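Here is a brief report on one protein model.

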Amino acid sequence: QKKGSKVSYKAESGYLDQKKRVLYLEKSVFLKSKNTRLNSEKLKYSFDSMRLEATSKVKTRTYARKTSDQVFINANKFVSYFKNEVNIHLYVGNVTGKVKRKRLYEDSLSFKSNRLTFFSRKNLAKLDGQVSLKYRNFEGRAQRGDIFLENYNKDLNYFVLHDDVKVREILKMKGKKVIRKAFSEKLEGYPKRSLVILTGYPKVLQGQDAIIGNKIILRWNNEVLEIIDAN
């Protein structure tokens, strides 16, 4: 590439357009760069713009900078390009994936969406359309979401859900399983503090109770709630 980084590839067939300086690969495509491994059935790479497009059965594994987390993502289409000298990875269609922590004792985070944009320099993933996040026994759904990979062990939010947020969590209360449901406009998750914060007309259904407040704090695997300005 222009910046001197090496990209290795292989496939069953392909050709190089020397005039346009574009490489086309098909069938069992595999590409490897410094931080990313990619598999797909079709791939197009422009040497001048360093723009890469992969389609059909796309699978990637990326090592996040600073944290060394592994991010596994599957999608129908993948596009990698540079904007203002920032490398951006775009995933479109049936996006599924997992963030696997470097430390084995730290829990992974699974996700789904229609579209995902990953900013490698910021270690930020932005999800759009039918977003789903799963962490431990907790599952949250919304229209938009963000994952801040550098914040797992900080007092900052690690993931955020926006717009029509719905939560489902399985709790154990007195030896019995209880399903806790919650609804809000925004959710912020803090793994280090083992809690999520609901804002924007939050409502929680837990057992026979219905709780409404301006701000509600849920602690994972704990039936205790903290309600600010309860109704």
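The sections below go from the whole chain to single residues.

## Basis

This is a predicted model: local features need pLDDT of at least 70, side-chain atom pairs count only at pLDDT 80 or more, and totals for chains, interfaces and linings use all residues. Residues are numbered from 1 along each chain as its sequence is written, and side-chain values use heavy atoms, with hydrogens and water left out.

## Overall form

The chain has 16 strands and zero helices. Both are DSSP runs numbered from the N terminus: helices are H or I with at least four residues, strands are E with at least two. Along the principal axes, the C-alpha atoms fill a box of roughly 70 × 30 × 30 Å.

Of the 231 residues, 42% count as buried. Buried means under 20% relative accessible area, exposed over 50%, and partly exposed in between (1.4 Å probe, protein chains only). Take contacts (heavy atoms within 4.5 Å). Among those between residues at least 6 apart in sequence, 36% join residues at least 24 apart.

## Salt bridges

The structure holds twelve salt bridges. The criterion is a side-chain nitrogen of Lys or Arg within 4 Å of a carboxyl oxygen of Asp or Glu.

Arg 101 pairs with Asp 69, with the closest N and O atoms 2.9 Å apart. Arg 101 sits in the loop between strands E7 (86–100) and E8 (109–119), and Asp 69 in the loop between E5 (51–63) and E6 (70–83), so the bridge ties together parts 32 residues apart in sequence. Both residues are buried.

Asp 146 bridges to Lys 126 at 2.8 Å between the closest N and O atoms. Asp 146 lies in strand E10 (residues 138–148) and Lys 126 in strand E9 (residues 124–135), so this pair ties together parts 20 residues apart in sequence. Asp 146 is buried at 9% relative accessibility. Lys 126 is partly exposed at 33%.

Arg 141 and Glu 139 form another salt bridge, 2.7 Å from N to O. Glu 139 is buried at 15% relative accessibility, while Arg 141 is partly exposed at 45%. Elsewhere, bridges with shared partners join Asp 69, Arg 101 and Glu 106 into one network.

## Nonpolar core

A nonpolar core is a set of buried Ala, Val, Leu, Ile, Met, Phe, Trp, Tyr and Cys residues joined through side-chain atoms within 4.5 Å. The largest has 48 residues, of which Leu 43, Leu 116, Ile 147, Phe 159 and Leu 187 touch the most other members. Strand E9 gives the largest share, five residues.

Leu 43 has contacts beyond four places away in sequence, including Leu 23, Tyr 24, Val 29 and Leu 52.
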